[in-house]
Amino acid sequence: MKADPLLDLKSKLFLALLVAAAIVVPMANLVAAPGSDFYLPSFAVALFGKYLTYALLALSVDLIWGYCGILSLGHGAFFALGGYAMGMHLMREIGPRGVYGDPVLPDFMVFLDWKELPWFWWGFDQFWFACLMVLLVPGGLAFVFGWLAFRSRVTGVYLSIITQAMTYALMLAFFRNDMGFGGNNGLTDFRDVLGFDLRSDATRAGLFVASAAALGLGYLLARRVTTSRAGKVLVSVRDAEARARFLGYRVEGYKLMVFTLSAMMAGVAGALYVPQVGIINPGEFSPANSIEIVIWVAVGGRGLLLGAVLGAILVNGAKTLLTGWVPEIWIFVLGLIFVLVTLFLPKGVLGAFGTLSWRSGGARRGASAQPAE
Amino acid sequence: MLLRFLLAAATIAVFIAAGSLLPARAASLETLLAELPEGGYDERAAVVTAIAGTGDDRAVALLEALAEGDLRQMKDGGQIVRVVREGRTHTAFDPLTGAEIGEISSRAASKIRVNNKLRRAIAAALGQLTLASPDRARRLAAAASVLKTGDPEQIEALDAALETETDPEVRTAFMDARAAAVLNAARPTAEKVAAIAQLAGRNDPQVLSIITAATTSDEPAVAAAAADALDRIEQARAAWGAVQNVWYGLSLGSVLMLAAIGLAISFGVMGVINMAHGELVMLGAYTTFAVQELIRSFAPGLFEVSLLIAAPLAFLVAGAVGVGIERGVCRYLHGRPLETLLATWGISLILQQTVRSIFGPTNQQVGNPDWMSGAFEIGQLTITWNRLWILLFALAVFALLLLILKRTPAGLQMRAVTQNRRMAEAMGIRSGWVDALTFGLGAGIAGLAGVALSQIDNVSPNLGQSYIVDSFMVVVFGGVGNLWGAFAGAFTLGIVNKFLEPYAGAVLAKVLVLVFIILFIQRRPRGLFALKGRAVES
């Protein structure tokens, strides 16, 4: 297996599991009879689909934090921007079926007494355009932000704080009605995507499969980056930025590349998230959300791509279960996870049970791949 | 008419000169009341003037009732009553004493009619009565009402009142009221121009509207004078608006500084961001709340000094929690600032949820002691006492902290560790001890910030969250480990924010400030007052 650095045993196991999930989950919902032991209710399909988009988001954070040492506390912003881009398309697809029946303007614009569509909404009636924007808007913002920040060598805690300021500023901006993104309420009441009814089981299953596919592709892409030569440079930047620079590498360029790529992955995750939960609002930009993403990565294992996936699913699964049982206790548990993981599990769940060494970075050998549910 | 006015003025003069002649007055008011329904409108106007002349306190209510058309005369007996209608029931009251007489049928009494001429007489009489009232507040209120209506009928009454008035504030109020009345009267142009000059000295929206109305006057001289005065007033307002913005900015800056300064020193010494800092502020605010609750139940007399008791307690509570965080968590994460950031975020969640479980998620009422409430005015600038005290408090805390850092051995050690940790250790400084002390001190100051914030903001478990991003911005903007950086950062951001607000709105102003900081960091990645030397690269 060592011959192929891109697809090691762990990766193959993970991808096989992902394919299995992409087949079993929709089948359990669509084919199994309701009431039978194998039946999976529709809400669970949407829930698992949501987890998969979170896993993709965690993967994008792991790519920059785990492999390049950039702790972004604003990655939720890229996720939300991707989500808004998709949400805008879904709003346009509602067409004249909205409450006010305006064929062009979304309901909230009619409500605000706007007469015509703002220029930044143009083109979103086309699915391909929205998909392009899902990549370009987060990617573009990350490129500009990263170009400014990395060029001036803003690093470490400073970078974390200004990424947090970025998402905070976006949150405040999106809360304003004048921005033209639905203000406080965000975008919701979606009907269908590409002509498929969003409330139907088949569409949900389709979105689940799409999320699984996106996660698989995102994983392969991240794997491709981290096992390449550039991936080695990224790790060296993480461990000793000044040294990498003195060796002649253009550190800024590598950082900018991986930061932009990561933002685009987050954008895709957001775009898949929105049709499955049915709403996107400015709350997604809140700094607290972005920090939570980081803890998913930390729980699973920073610098291990599978760790990020595992962490996202573990933490969100725990969140769903605990907020269902005892809502008050979840925040305590989340807080404790932050403290205990940083203190006692610096390599995360996956790292703690693997035999790999933290410093080596790059290709991981012999880690016991915890199957992701 | 003029004769009657003279008569009235003479009557007032007689009564003021005569001092208290209570029984005589009372008698005359009652007889005058009985004369009210009789005769033509002219004669009744004379009666109204005479009623005003009595100077009796009860006359005001009587005349007001008359003007409203509430006075009626009973058909049998001729008694005069004030009738209050509520739906279909008519209740009669004694017009002088206000005592209830009872329900009457609507036909049992006939209305005492008033026409416009009589109404004017009543208004003038009311003006005289209140302008000559021995109660200062009432005289001021009367002047304000004339200013509002600009009733030219009141000029004589005001002139009469001005002759005897000695209180300077009331005199000014009378002069302003008279000027407003003159503008509406048929008076010589020169007098009107003088009136505008008189009014221009005063700055309130009402005067502004009076002068604005005068700019459309038929007399060119008056219109020009009004336009001129309007310009001057606008300029003065703009200037005062700027001063007001600076004051608001200073006030916001003082709050930001209190919240950020503790963060700045722990960031400087240890290179870590304490994400739980906002929650330490919140603990300080809740300490204040708890102290006030205890005082309310056990020693209500101490309420005025509750903040003085709460401040040291808040310092201790937050400081102890801070030392606990440092010894329990941060110590083990030394040299890993990003992990520290995550761990302290976890602590912030736990602290928030703990407070939420104990005190509930809703806002708690923290009272202002008397010396913290109210406001005073300088020119057109309103300064509330609590904001002023918080500014002074913030400055005092800053000065004290500066003193600790510059004049005490502990401060010397902190500065040494800030500049070069390993060198300081080599010189025999116990850096672990310094870390705990710094963290505790920073946390304690956060507690003090909480006491201050409890006076101007809602005390809720989310209190800290709303300030944390702003305090980070202050620290990042000002530069780490530098008190003056935090000082300059806080006040700059506060003032810039408040100057942007009128143009961009509160939210957009904040967004602009954040964007500005993000761009600023590109130029100066280590803040306004960056540390120089080897510490920079470590």
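The questions below concern a predicted model.

Q: Why is Val299(A) called buried?
A: Buried means under 20% relative accessible area. Val299(A) has 8%, so Val299(A) is buried. Val299(A) sits in helix 11 (residues 287–300) of chain A.

Q: Which residues does Val299(A) touch, not counting residues up to four places away in sequence?
A: Val299(A) touches Gly311(A), Val315(A), Ile337(A), Val341(A), Gly348(A) and Val349(A). Each has heavy atoms within 4.5 Å of Val299(A), and that is what contact means.

Q: How far apart in space are Asn458(B) and Glu191(B)?
A: Their C-alpha atoms are 53 Å apart. In sequence, 267 residues separate Asn458(B) from Glu191(B).

Q: What makes the phi of Asp189(A) worth a remark?
A: Most residues other than glycine have a negative phi. Asp189(A) is not a glycine, yet its phi is positive, about 65°. Asp189(A) lies in the loop between strand 1 (187–188) and strand 2 (192–193) of chain A.

Q: What is the phi of Leu194(A), and where does Leu194(A) lie?
A: The phi of Leu194(A) is positive, about 55°, although Leu194(A) is not a glycine. Leu194(A) lies in the loop between strand 2 and strand 3 (196–197) of chain A. Its 49% relative accessibility falls between 20% and 50%, so Leu194(A) is partly exposed.

Q: What makes the 217 residues a nonpolar core?
A: The members are buried residues of the nonpolar core types, joined through side-chain atoms within 4.5 Å. This is the largest such core, and Trp65(A), Trp121(A), Leu187(A), Leu215(A), Phe285(A), Trp296(A) and Met473(B) touch the most other members. Helix 2 (residues 42–68) of chain A gives the most to this core, with 17 residues. Apart from this core lies another, of 26 residues, including Leu29(B) and Leu126(B).

Q: What does Trp296(A) touch, not counting residues up to four places away in sequence?
A: The residues touched by Trp296(A) are Tyr54(A), Leu57(A), Ala58(A), Gly307(A), Gly311(A), Ala312(A), Val315(A) and Asn316(A).

Q: How is the packing of helix 11 and helix 19 of chain B described?
A: Two packed helices are described by an angle and a distance between their axes. Here the angle is about 65°, and the axes are 8 Å apart. The crossing is right-handed. Residues in the contact include Leu256(B) and Phe267(B) of helix 11 of chain B, and Tyr467(B) and Asp470(B) of helix 19 of chain B. The contact residues divide into eleven nonpolar, one polar and one charged.

Q: How much area is buried between chain B and chain A?
A: The size of an interface is often given as the accessible area lost when the parts come together. Here that area is about 3,600 Å², and carbon and sulfur atoms give 79% of it. Chain B supplies 40 residues to the contact and chain A supplies 41 residues. In chain B, Leu338(B), Leu342(B) and Gln522(B) lose the most area to chain A, together 18% of what that side buries.

Key
Residues are numbered from 1 along each chain as its sequence is written. Chains are lettered from A and ligands numbered from 1 in the order in which they are written. This is a predicted model: local features need pLDDT of at least 70, side-chain atom pairs count only at pLDDT 80 or more; totals for chains, interfaces and linings use all residues. Side-chain values use heavy atoms; hydrogens and water are left out. Buried means under 20% relative accessible area, exposed over 50%, partly exposed in between (1.4 Å probe, protein chains only). Helices (H or I, at least four residues) and strands (E, at least two) are DSSP runs, numbered from the N terminus. Axes are lines fitted to C-alpha atoms, for helices over the stretch in contact, and angles run from 0 to 180 degrees between N-to-C directions. A crossing is left-handed if the near helix is turned anticlockwise from the far one by less than a right angle, and right-handed if clockwise. Ala, Val, Leu, Ile, Met, Phe, Trp, Tyr, Cys and Pro count as nonpolar, Asp, Glu, Lys and Arg as charged, and the others, Gly among them, as polar. Buried area is the accessible area (1.4 Å probe) that two parts lose on being put together, summed over both.
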